[in-house]
Amino acid sequence: MRRANVSHQVTDLPNVDPGQFKVPGIGDFSKIGASTHRPRFLLLYGSVRERSYSRLLTMEAARLLEAMGGEVKIFDPRGLPLPDSEPETHPKVVELRELANWSEGMVWCSPERHGAMTGIMKAQIDWIPLSQGAIRPSQGKTLAVMEVSGGSQSFNAVNQMRILGRWMRMLTIPNQSSVAKAYQEFDDDGRMKPSPYYERVVDVMEELFKLTLLTRDISPFLTDRYSERRETAAELAKRMSQTKL
């Protein structure tokens, strides 16, 4: 099927800026190159306990992603200040933001506390801005969410993180992991025992890896928005007018 005539479409849309209106086509994807470097993943966990099950689960996820060929970095939240309590130049804030910019996909893993993700988890996400100048640290990147709990299986924390992932303009994968009674699922060496819970973690990391390969090169195209193109054009016109004054 041929594309509809763009000029005719815009004529029927009087509130649309024809200069910034684009008709997406399958051919647009053929113009996008393919990266050859290892997929890059940032993993965050939400507890600083000595035996933190969210950290242990995160480390299992890291091993799986590395075994699939990924490059993985885990952020240690110890020493990260509360949001807005310190300037953005704080070393831990700088470290976290640099890792967010570096990554192509993320894993967020939190304990469930009082029916929600922990404050430690939320603080890390809050320190990652939606934009840093022209850089969007999270937009278009893949995300997998996991949680651990001390009691029966729950999905409160992963559901909250899904909402945050959407707010951060991330591509949150459909699958997820929730490990109940986490204290029973790890051995004395901190390794996760064989179980359906472990197999689900393998599934989640496999899905994350695949979708990262699929989307990391096309995410700039997928996240290119009409409203933002209009805003950019308007700002450019304003600057040009000021130059002429």
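**Figure 1. The buried residues of helix 3 and what covers them.** In this predicted model, the residues of helix 3 that are buried (under 20% relative accessible area, with exposed meaning over 50% and partly exposed in between, for a 1.4 Å probe and protein chains only) are K92, V93, L96, R97, L99, A100 and W102. Helices here are DSSP runs of H or I with at least four residues, strands are runs of E with at least two, and both are numbered from the N terminus. The cover over the buried residues of helix 3 includes strand 1, strand 2 (71-74), strand 3 and helix 4. Helix 3, residues 91-102, has 12 residues and reaches 16 Å from its first C-alpha to its last, close to the 16 Å expected at 1.5 Å a residue, where the expected span is 1.5 Å times one less than the number of residues. Residues are numbered from 1 along each chain as its sequence is written, and side-chain values use heavy atoms, with hydrogens and water left out. Because the model is predicted, local features need pLDDT of at least 70 and side-chain atom pairs count only at pLDDT 80 or more, whereas totals for chains, interfaces and linings use all residues.

Figure 2. The buried residues of helix 5 are A157, V158, M161, L164 and G165. Seen down the axis of helix 5, these buried residues fall within an arc of 115 degrees, so they line one face of the helix; the arc is that of the directions from the helix axis to the C-beta atoms. An α-helix has 3.6 residues a turn, so residues three or four places apart point the same way. On the other side of helix 5, R166 and W167 are exposed. The buried residues of helix 5 have a cover that includes strand 3 (105-111), helix 4 (119-127), strand 4 (142-148), strand 5 (171-172) and strand 6 (177-179). At 1.5 Å a residue, the 12 residues of helix 5, residues 156-167, should span 16 Å, and the 17 Å between its end C-alpha atoms agrees with this. Just after helix 5, R169 takes a positive phi of about 60 degrees.

Figure 3. A61 is placed in helix 2, residues 53-67, and counts as buried at 0% relative accessibility. Leaving aside neighbours within four places in sequence, A61 is in contact (heavy atoms within 4.5 Å) with L43, M146 and M205. A61 and M205 are 144 residues apart along the chain, yet their C-alpha atoms are separated by 6.6 Å.

Figure 4. H114 is in the loop between strand 3 and helix 4, and its phi is near 55 degrees, a positive value in a residue other than glycine. At 83% relative accessibility, H114 counts as exposed. K181 lies in the loop between strand 6 and helix 6 (196-215) and has a phi near 45 degrees, which is likewise a positive value in a residue other than glycine. At 38% relative accessibility, K181 counts as partly exposed.

Figure 5. P18 is found in the loop between helix 1 (6-11) and strand 1 (40-45), where P18 is exposed with a relative accessible area of 53%. L222, in helix 7 (residues 219-222), counts as partly exposed at 43% relative accessibility. L222 and F29 are 193 residues apart in sequence, and their C-alpha atoms are 9.9 Å apart in space.

**Figure 6. The whole protein chain as the setting for the close-up views.** The protein chain contains 8 helices and 6 strands, which follow the pattern α-β-α-β-α-β-α-β-α-β-β-α-α-α when read along the sequence. Of its 245 residues, 42% count as buried, and the C-alpha atoms fill a box of roughly 70 × 50 × 35 Å, taken along the principal axes. Among contacts between residues at least 6 apart in sequence, 75% join residues at least 24 apart.
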